Amino acid sequence: MEQRVSLVTLGVADPDRAAAFYEAIGWTRTDSPDGVIAFDLIGQTLGLYPKQALADELGIEVADIQGFSGMTLAHNVREKEDVAPILAAAKAAGGRILKSAQDVFWGGHHGYFADPDGHVWEVAHNPFSPLREDGAFRWNGYGDDA
């Protein structure tokens, strides 16, 4: 298996409501004939799919996939000052702030929000992992091979 994540699919209660949230924070939606609402990212795609349909596909009960899963998604930004406005946009779009923008012990700056379905996002500035010009992220940055 190649070291890559191609698609992150979030099971959501109401795909149109979930899509409206992501559109309200500035993302562009792409629909597909199979019922997935997709947001193409840099090198990956975020998909929204009905939670019940996803549970059916997995052969599990929806009750088995409720609550915090122990996983967070992260959106890294170029500057420390970029964190708070994104958290504010998420709140204005119907998200819930879990941790306000603040400095972190390791030298970065971050905050967390949950989307309307409870999926947890970190918005972070990591001064040790600067984004590439096109916005791509890599742990410890790109250095000379940007």
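## Surroundings of His-109

Leaving aside neighbours within four places in sequence, His-109 touches Lys-80, Val-83, Ala-101, Gln-102, Asp-103, Val-104, Val-123, Ala-124 and His-125, where contact means heavy atoms within 4.5 Å. This is a predicted model, in which local features need pLDDT of at least 70, side-chain atom pairs count only at pLDDT 80 or more, and totals for chains, interfaces and linings use all residues. Residues are numbered from 1 along each chain as its sequence is written, and side-chain values use heavy atoms, with hydrogens and water left out.

His-109 belongs to strand β7; strands (E, at least two residues) and helices (H or I, at least four) are DSSP runs, numbered from the N terminus. With 11% relative accessibility, His-109 counts as buried, a term that means under 20% relative accessible area (1.4 Å probe, protein chains only). A polar atom of the His-109 side chain lies 3.3 Å from the backbone oxygen of Gln-102.

## Helix α3

Val-83, Leu-87 and Ala-90 are buried in helix α3, which spans residues 83-92. They lie on the same side of α3 because they cover an arc of only 60° around the axis, taken from the directions from the helix axis to the C-beta atoms. The buried residues of α3 pack against α1 (15-24), β6 (96-103), β7 (109-114) and β8 (120-125). After α3 comes Gly-94, with a positive phi near 110°.

## The open sheet

Four strands form an open sheet in the order β1-β4-β3-β2, with mixed pairing; two strands pair if DSSP finds at least two bridges between them. β1 (7-12) and β2 (30-31) each have a single partner strand, so one side of each lacks a neighbour in the sheet. β1 and β4 (residues 45-50) run parallel and are joined by six bridges.

Terms used: Buried < 20%, exposed > 50% of the residue type's maximum accessible area, 1.4 Å probe, protein only. Polar contact = N/O pair within 3.5 Å; in protein donor to acceptor, adjacent residues only side chain to side chain.
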